[in-house]
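Take a look at the model below.

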Amino acid sequence: MPDTHEFIPETALSKIGEGSLEARKRGLVAIDSSVRKFIQSLNSNSITPEERDSMLNNTVKTFLEFVKYKFLDQPDPNLRIGGLMAMACTALSLEKYLLDFCEKFIKLVILSFYDQDNKVRYYSCEALYNIVKKCKVESISCISEIFDGICKLTCDIDEDVKYASQILNRLLCDTILEFEDVPLDLITDILANRILVLNPQIRQLIVIIQHFILLKENNFIIEIDMLEYLPKVFLGIANMLTDNNNKILYRDVRSSAEMCLNDFLIKFKKKYSKSNMIKEDFFKIILLNCKRSEHVIKLLNIVWIREICAIQPQIIHFKGFFLLMDFIISQLSDPSEELNKIATEANHLLYRNVSEVKSISYIEKILKVLVDKLVDTQNEQVILSILDWFSLILQICPEKMDPMSETLSKSVIQCFKHPQSQMIMESTLRTTFLLISLGDSHLELLAGDLLNLFKTEKKLLEDSGREIVLNLCKQLGFERFYTIITNSMKLSTEAQEFRTELLTPEKSNLSEQLLEIWSHNLSSALSFSLFIEKYDLAQDLLQKISGMNLKLDLLVKLDQIVQLMDTHIYSRLRLHLLKPDVYPSLLNTLLGNSD
């Protein structure tokens, strides 16, 4: 390595390495003069452009190698500072020719960001500032290295170095504004890759840059839309809200993150309140964030979701909508009054949207979410909301409910376990009636589920059974309800023990009471009288039926009674047929029915 270089006169070589500021200035003036003379000589000589470029390339290359060897790699910090000053001075003196060497200058200066001496770090920041200011557009190729360097200096223990890094950061932001073709993909990728760091100073830096670009997006030479890049940084900025450290710096980070997200939300509402469709990738980010359990994150999510529900009614057709509903319903039981209130508003907005368009997608997934929530909760507001959703879906698309009818029936009937709430009772009955309106098979399903509920919940049967049954009967009609109950009792295996007891003398009074209850329905009364071996009564009932104008419904029920004769339930009756002299009324009844 030679001892001198044509950019650095021998007189300047010692001066820029001195600690005296005046000596350094004289050395830098000499370097500036030498560089300009060299450029002037290149332009005045009668050489081809290719030869000129080759000479310039070689000279700059050897200069950078010389500075690194002679100054930057030396143990004396004054020499390292002198080398940085020499590089900055040379870069400025090269003027337009610097553009071709900008990247090399920047990368060599950035190495000094990691110097152990705080003065060297300060002057390296100053040198980079001067170089980037001279070639703003070209410096963007090194933006990742520059940003890493700024992050490093932002955390520096020396306050002067920190301040210098802030000045450099402002220059970087201003540089971004001047681009005709802003590389926002690159910039947001750089921010996104570093946004999850825990250091509060770096977090603050990232949020400041992101917020700056967002607020200045209208100042760019070309039109940009930062909302396009929000999915890349949303989770990271949101994560900054969760740090509970009360030190001032941490509070500043939380405040900056909150302001940034609020401004994003304002722009979001302006853009998507028109005909613009929300991007599904951002919707997925919101859903991903919904898995978080921190209160501040849940509050952030529900605020954004409420706005989405308000301005994007088509959200009900998104593939992940059922997950969104899962989150909203979950927040209805949150102890936070603020969160609960916003969740209620979001739920009402969704309900209104579905009611107006009378359509909703992915019904099975939505119903599964609602059923699971209903099973797991005791919260009145949640139960009422879920029952309202059941009722709405049953009204707008009843034909799609069959696949879930069995599960839906069980979950709705379980809501009768809350008799203390009149509102839940009314909502449960309303949903039950809508389910029954789907057909008799659903009524049978509900009746069976109701009997099972009463079987397991003895106290519910004693305290509220009468009210539940009366309400069902008022809506359905006593005849229809008790016919279904009768069939359930006659055929279900769970009622076998009860049926056996009805034939004992001890339960004769109960048998009489049941017979009286079912006497309003001739087919039920006939079937039950045969079962409890009241054959004379059965004959009388059959004679009464024979004198009636028989309709198809009654004929079908009589046919069902005939078919029941072959089941184990009527095994005693079949044995009695072997004794026609003892049970003449039985034979007459069956012969009459067979006619």
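Here is a short report on some of its helices and one serine.

This is a predicted model, where local features need pLDDT of at least 70, side-chain atom pairs count only at pLDDT 80 or more, and totals for chains, interfaces and linings use all residues. Residues are numbered from 1 along each chain as its sequence is written, and side-chain values use heavy atoms, leaving out hydrogens and water.

The table lists helices, which are DSSP runs (H or I, at least four residues) numbered from the N terminus.

| Helix | Residues |
|---|---|
| H4 | 77-94 |
| H6 | 118-134 |
| H10 | 200-215 |
| H30 | 584-594 |

Start with H10. Its 16 residues reach 22 Å from first C-alpha to last. That is close to the 22 Å expected (1.5 Å times one less than the number of residues). In H10, 14 of the 16 residues are buried, so the helix is largely enclosed by the rest of the structure. Buried means under 20% relative accessible area (1.4 Å probe, protein chains only). At the start of H10, a side-chain oxygen of Asn199 comes to within 2.8 Å of the backbone nitrogen of Gln201.

Next, H4 and H6. They pack at an angle of about 5 degrees, with axes 9 Å apart. The two helices are therefore roughly parallel (angles under 35 degrees). Their contact (heavy atoms within 4.5 Å) includes Leu84 of H4 and Tyr123 of H6.

Finally, Ser585 sits in H30. Ser585 is buried, at 10% relative accessible area. Its side chain joins that of Gln539 in a polar contact of 3.1 Å (a pair of N or O atoms within 3.5 Å, one able to donate a hydrogen and the other to accept it).

Key
Buried means under 20% relative accessible area, exposed over 50%, partly exposed in between (1.4 Å probe, protein chains only). Axes are lines fitted to C-alpha atoms, for helices over the stretch in contact, and angles run from 0 to 180 degrees between N-to-C directions. Angles under 35 degrees count as roughly parallel, over 145 as roughly antiparallel, 65 to 115 as roughly perpendicular and the rest as oblique.
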